[in-house]
Amino acid sequence: MNPFIEQRTQQLFDRKLITENQFTQVKAYRKLGIFSLHAELKLFLYLSVLSFTTGIGILIYQNIDSIGHLAILAVLLVVTAVCYYISFKNSNRFSSAQTSFENPIYDYIILAAVLLNCIFIGYLQFQYTAFGTHYGLATLIPTAVGLFCAYYFDNKGILSIAITGLAAYVGLSVSPQSLLQNEFYDTNTLSYSAIGLGIALIAWAIYSKHIALKKHFAIIYLTFGLHLIAISCINNLFQPYWFVFALILAATLFYFYRASYQYQALSLLIFTVIYGYIGANIFLFKIVEFVRIEDFLIPFFFMVPFYFVGSIILFIKLIKQFNKQKVQ
């Protein structure tokens with residue numbers, strides 16, 4: 001048995017959270033060395049859905065002249081409708097609490113339906129401008145459908161797609177190329193939109209938890225809210241009015257530090273620490289700009305290794321403290 005798992009099992013027994021018989025059964029089960037392929041199978045199912053939708057996109061691109069636009073749209077519509085029909089037929093109806101399909105494969109069928117729906121509407125708008133010059137509708141409609149399906153079928157993956165579509169509707173676009181070229185936010189308006197959307201997502205997460213509406217979705221909203229606000233604020237720390245965004249960033253990170261413990265979400269804590277570390281370093285460099293670094297050059301280079309080593313040690317202590325409290 002893994003020493004860490006053995007220690008945690010012993011702690012559960014010492015606190016009388018499990019009986020002696022259960023403790024013995026757990027130890028015997030662990031010694032069997034049985035492992036589950038559940039996560040691996042779900043990963044392959046997810047990759048198969050992505051491969052299927054990507055393959056359809058490539059097929060359309062390579063054979064668009066020979067197949068014809070109407071034929072492509074008709075096939076997309078039929079496949080999407082079949083996926084929706086199968087999903088609705090096997091669903092457990094809507095519930096404000098957490099639900100799931102009896103067979104997890106249907107989660108990936110509805111995921112494929114939503115992705116194909118996005119492809120269909122996007123292709124319809126691109127080729128026939130079905131929504132005229134209202135290009136936002138081509139994003140808003142799949143987003144609305146995605147939100148409905150996420151709540152009806154209780155699917156976090158679809159919810160993530162819907163939130164991404166909502167961000168695209170307000171003008172935010174994230175890609176590896178744009179991040180490398182520092183083009184995530186080209187204007188102040190987009191920065192404000194990102195912060196506004198992030199605050200709205202956080203507010204909805206709090207409200208939905210209050211009314212007990214898919215409370216387990218809160219972590220998704222909070223994660224998107226953290227990234228939107230933190231990245232926008234860090235990007236604007238290089239602007240003349242950087243101190244305003246520094247205050248917003250500090251308040252956001254303080255909230256998410258507490259929220260990570262409230263929701264027992266290690267991912268929130270890690271990203272909070274990372275964004276806080278980046279913001280703190282930028283703030284330190286701004287302080288250095290007001291100081292004659294030439295007079296402190298030798299002490300500065302002497303302290304740098306200790307600074308980074310101390311940062312790593314502090315990060316490890318935070319993670320250990322979080323895991324310790326989570327077990328308690």
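Is Asp154 buried or exposed at a relative accessibility of 10%? Asp154 counts as buried at that value, where buried means under 20% relative accessible area, exposed means over 50%, and partly exposed lies in between (1.4 Å probe, protein chains only).

**Figure 1. Overview of the predicted model.** This is a predicted model, in which local features need pLDDT of at least 70 and side-chain atom pairs count only at pLDDT 80 or more, while totals for chains, interfaces and linings use all residues. Residues are numbered from 1 along each chain as its sequence is written, and side-chain values use heavy atoms, with hydrogens and water left out. The pLDDT, the predictor's confidence in each residue on a scale from 0 to 100, averages 82 over the chain, and 86% of the residues score at least 70. Across residues 175–182 the pLDDT is below 50; beyond near neighbours in sequence, this stretch has 6 contacts in the model, a contact being heavy atoms within 4.5 Å. The chain contains 14 helices and 0 strands, assigned as DSSP runs numbered from the N terminus (helices: H or I, at least four residues; strands: E, at least two). Of the 328 residues, 32% count as buried. Among the contacts in the chain with a separation of 6 or more, 69% come from residues 24 or more positions apart.

Figure 2. Side chains of opposite charge can pair when their charged atoms come close. The criterion applied here is a side-chain nitrogen of Lys or Arg within 4 Å of a carboxyl oxygen of Asp or Glu, and the count by this rule is 1 salt bridge. Asp154 pairs with Lys214, with the closest N and O atoms 3.3 Å apart. The two residues are 60 residues apart and link distant parts of the chain: Asp154 lies in the loop between helix H7 (135–153) and helix H8 (156–169), and Lys214 in the loop between helix H10 (188–210) and helix H11 (218–235). Lys214 is buried, its relative accessible area being 0%.

**Figure 3. Surroundings of His216.** His216 is placed in the loop between H10 and H11 and counts as buried at 17% relative accessibility. Not counting residues up to four places away in sequence, His216 touches Ala97, Gln98, Asp154 and Lys156. The C-alpha atoms of His216 and Gln98 are separated by 7.2 Å, although these residues are 118 residues apart along the chain.

**Figure 4. Packing of H11 against H13.** The axes of H11 and helix H13 (residues 266–289) come within 11 Å of each other and cross at roughly 10 degrees. Each axis is a line fitted to C-alpha atoms, for helices over the stretch in contact, and angles run from 0 to 180 degrees between N-to-C directions. H11 is therefore roughly parallel to H13, given that angles under 35 degrees count as roughly parallel, over 145 as roughly antiparallel, 65 to 115 as roughly perpendicular and the rest as oblique.

**Figure 5. Cysteine residues.** A disulfide is a covalent bond between the sulfur atoms of two cysteines. With the criterion of a pair of cysteine sulfur atoms within 2.5 Å, a search of the whole structure finds 0 disulfides. The cysteine sulfur closest to that of Cys149 is in Cys118, 9.7 Å away and too far for a bond. Cys149 counts as buried at 2% relative accessibility, and Cys233 is buried with a relative accessible area of 0%.

**Figure 6. Loop residues with positive phi.** Ala212, a residue other than glycine, has a positive phi near 60 degrees. Ala212 lies in the loop between H10 and H11 and is partly exposed at 36% relative accessibility. Gln264, also not a glycine, has a positive phi of about 55 degrees. Gln264 sits in the loop between helix H12 (242–262) and H13, where its relative accessibility of 30% counts as partly exposed.

Figure 7. Ser87, in helix H5 (residues 69–89), is buried with a relative accessible area of 0%. Leaving out residues up to four places away in sequence, Ser87 touches Phe101, Tyr106, Ile109, Ile110 and Phe153. Val145, in helix H7, is partly exposed with a relative accessible area of 27%. Apart from its neighbours within four places in sequence, Val145 is in contact with Tyr84 and Asn117.
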